[in-house]
Amino acid sequence: MNRGALAECTQIVSNVDSYPDLSITGIMVFCEPHALHRVSTNMGSSINSKLVCSAPNPITDGVTYSFGVFYIKFLDYFQEGKGATAWIASILVGVTLCSGPISSSFVNRFGCRLVTIGGAILGSVCMALSIFAPNVTTLYLTIGVGT
């Protein structure tokens, strides 16, 4: 680190009271050249992780938002009422939106990669089991809760 950069870091640390949103840890990492180098070398890995973790979103959102197509087929196939059949999508959306805190606690404990892989396996198995569903109640569990 050259002398000018060292003086700049010293000035930032000495004026830390004028930056209430910044923490000392953040400033120290900002001033340490080795930490900046580590951040730049891990950039490719973090981009890959974001892509892998975002990959299931089009599939799960596609099932959720195109459920109207399945709804008509489910009405014909299972010969159930409109209300009972509509509960499949309602449970799916409700579980998706309410499972955020549970998923985030799993991510904090096991990491994003394992939780994403586990969720993909769970969703795939439940979608495969929904092919053999004899009634709408089974779809409540396989599509609604499982995916």
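1. Thr 85 has its place in helix H7, helices here being DSSP runs of H or I of at least four residues and strands runs of E of at least two, numbered from the N terminus. With a relative accessibility of 0%, Thr 85 counts as buried; the classes are buried under 20% relative accessible area, exposed over 50% and partly exposed in between, with a 1.4 Å probe and protein chains only. Apart from neighbours within four places in sequence, Thr 85 is in contact (heavy atoms within 4.5 Å) with Phe 67, Tyr 71, Phe 74, Leu 75, Glu 80 and Val 136.

2. On the basis of the note: this is a predicted model, in which local features need pLDDT of at least 70 and side-chain atom pairs count only at pLDDT 80 or more, while totals for chains, interfaces and linings use all residues. Residues are numbered from 1 along each chain as its sequence is written, and side-chain values use heavy atoms, with hydrogens and water left out.

3. The overall make-up is as follows. The protein chain has 10 helices and 0 strands. Of its 147 residues, 18% count as buried. Among contacts with a separation of 6 or more, 51% are between residues 24 or more positions apart.

4. Next, the nonpolar core, meaning a set of buried Ala, Val, Leu, Ile, Met, Phe, Trp, Tyr and Cys residues joined through side-chain atoms within 4.5 Å. The largest one has 12 residues, including Val 63, Phe 67, Phe 74, Phe 78, Ile 88, Leu 92, Ala 133 and Val 136. H6, H7 and H10 each supply at least two residues of this core, and the largest share, 4 residues, comes from H10.

5. Helix H10 spans residues 136-145, and its buried residues are Val 136, Leu 139, Tyr 140, Thr 142, Ile 143 and Gly 144. The cover over these buried residues includes H6, helix H7 (82-98) and helix H9 (112-130).

6. On aromatic pairs, the rule is that rings of Phe, Tyr and Trp (its six-membered ring) pair if their centres lie within 6.5 Å, with planes under 30 degrees apart stacked, over 60 edge-to-face and the rest tilted. The count is 6 aromatic pairs. One of them, Phe 74 with Phe 78, is tilted, at 5.8 Å centre to centre and 50° between the planes. Both residues lie in helix H6 (residues 67-78), 4 residues apart, about one turn of the helix. Ring pairs link Phe 67, Phe 70, Phe 74, Tyr 77 and Phe 78 into a cluster.

7. Phe 74 is buried at 15% relative accessible area, and Phe 78 is buried at 14%. Leaving out residues up to four places away in sequence, Phe 74 touches Phe 67, Gln 79, Thr 85, Ile 88, Leu 139 and Ile 143.

8. The disulfide count is 0, with a disulfide taken as a pair of cysteine sulfur atoms within 2.5 Å. Cys 98 is exposed, at 61% relative accessible area, whereas Cys 126 is buried, at 12%.

9. An unreviewed UniProt entry lists residues 84-102 and 114-133 as "transmembrane region". Over residues 84-102 the model is 95% helix and 0% strand, with the end C-alpha atoms 27 Å apart. Over residues 114-133 the figures are 85% helix and 0% strand, with the end C-alpha atoms 28 Å apart.

Definitions and conventions:
UniProt positions are given in the numbering used here, feature names are shortened, and annotations may be inferred rather than shown by experiment.
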